[in-house]
Amino acid sequence: MQYRPLGNTGMTVSLLGLGTVKLGRDQQVRYPHAFRIPDDAEAAALLDCATELGINLLDTAPAYGTSEARLGRLLRGRRSRWLVCTKVGEIFEDGRSRYDFSPEHVRRSVERSLERLASDYLDIVLIHSDGHDREILTQLGTLQALQELKRAGLVRAVGISHKSADGAACAIEVGCDVIMAVLNPDERAEASVIARAGVAGCGVLIKKALASGHAAPQSLQFVAAQPGVSSIIVGTIDPRHLKENAALLDTPPEAS
Ligand SMILES: NC(=O)c1ccc[n+]([C@@H]2O[C@H](COP(=O)([O-])OP(=O)(O)OC[C@H]3O[C@@H](n4cnc5c(N)ncnc54)[C@H](OP(=O)(O)O)[C@@H]3O)[C@@H](O)[C@H]2O)c1
């Protein structure tokens, strides 16, 4: 497994990270195949497989159903081995998303994430944007609330899972530590801002590198080769896919 610095955060992340939507939520998701949320034994086996492959980064969110609470149980006794990224701002209840980017919500949401993850710190907390990236970052006090939690030692790095290239540009301008961006061979609109983030010392996590399961696994090699990318967060619940993805990222594209 390759490791890369997460911008200037001081954290070193595995090039392949594990996305955990499918560990906790099966409603309102856009995957090509129906799936069943893994049971506890399957989820534990998935994490063991990730550990064996050298993966050290997990991505979750309050909006991913039971994902955070399940990770809290699964990581018991081995929390410090992992870097955990979670989010604030999106609330998924009764099959629907709503959003709250107020500083009060940010503080409550981080408190609840700490409880669910059974941890006294969070490595990365990102704003789970609804698309109004620039407004959220510059007008609502959301980022400032996260930065206060960082100063208080509850959070190590803060940023945004944005929805547009302009949102990523704004995140760099306002000094986010980390962004979460979309990049795959068919969706390259953010490639140049991702490269700029790298130069600016902003860590870059990639979501939807496989276009949510619609792109070939080899897309990972394209994404890994783009400047600025710190880690590729692939959402899988299948250990065979996890191993295949790790192997692809260990193989130079011309050799595969
Ligand atoms: N913050 C946000 O707004 C946001 C939005 C979307 C995603 N995310 C994060 O990014 C992560 C990844 O995004 P994503 O889940 O939408 O998309 P993705 O990683 O591009 O694709 C995941 C899909 O690809 C399939 N897959 C993975 N490896 C495969 C392989 N080797 N062969 C065939 N199929 C494979 C998975 O199915 P199997 O389970 O069968 O492997 C899953 O259905 C999420 O889990 C989440 O953590 C964040």
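Modeller: A residue lines a pocket if one of its atoms lies within 4 Å of a grid point of that pocket. Keep that in mind for this predicted model.

Colleague: Which residues line the second largest pocket?

Modeller: The lining is Pro62, Gly65, Gly89, Glu90, Ile91, Phe92, Glu93, His105, Ser109, Arg112 and Arg116. Each counts as lining because it has an atom within 4 Å of a point of the pocket. Strand β6 (90-93) and helix α4 (103-116) each give two or more residues to this lining.

Colleague: What is the volume of the second largest pocket, and how does its lining divide by class?

Modeller: The space is about 200 Å³. Three lining residues are nonpolar, four are polar and four are charged. Gly65 and Gly89 line the pocket, and glycine counts as polar here.

Colleague: Which residues come nearest to the ligand?

Modeller: There are 28 residues around the ligand, and Tyr31, Asp59, Ser161, Thr236 and His241 come nearest. Eleven of the shell are nonpolar, ten polar and seven charged. α1 (21-24), β12 (231-235) and α10 (239-249) each supply at least two shell residues.

Colleague: Where does the ligand sit, and how do you know?

Modeller: The ligand takes up the space of the largest pocket. To sit in a pocket, a molecule needs more than half of its atoms within 2 Å of the grid points. The ligand sits in the largest pocket, so it passes that test.

Colleague: What lines the largest pocket, and what is its volume?

Modeller: The volume is about 1200 Å³. Of 44 lining residues, Val21, Arg30, Tyr31, Lys208 and Ser212 are the closest to the centre. Elements giving two or more residues to this lining are α1, β7 (96-99), β10 (178-182), β12 and α10. By class, 18 lining residues are nonpolar, 14 polar and twelve charged.

Key. Residues are numbered from 1 along each chain as its sequence is written. This is a predicted model: local features need pLDDT of at least 70, side-chain atom pairs count only at pLDDT 80 or more; totals for chains, interfaces and linings use all residues. Side-chain values use heavy atoms; hydrogens and water are left out. A residue is near a molecule or strand if one of its heavy atoms lies within 4 Å of it. On a 1 Å grid over the protein atoms alone, a cavity is a set of points where a 1.4 Å probe fits but cannot get out, and a pocket is an open set with protein on both sides within 12 Å along at least five of seven lines; lining residues have an atom within 4 Å of a point. Helices (H or I, at least four residues) and strands (E, at least two) are DSSP runs, numbered from the N terminus. Grid points are joined across faces, edges and corners, and a volume is the space filled by probe spheres set on the points.
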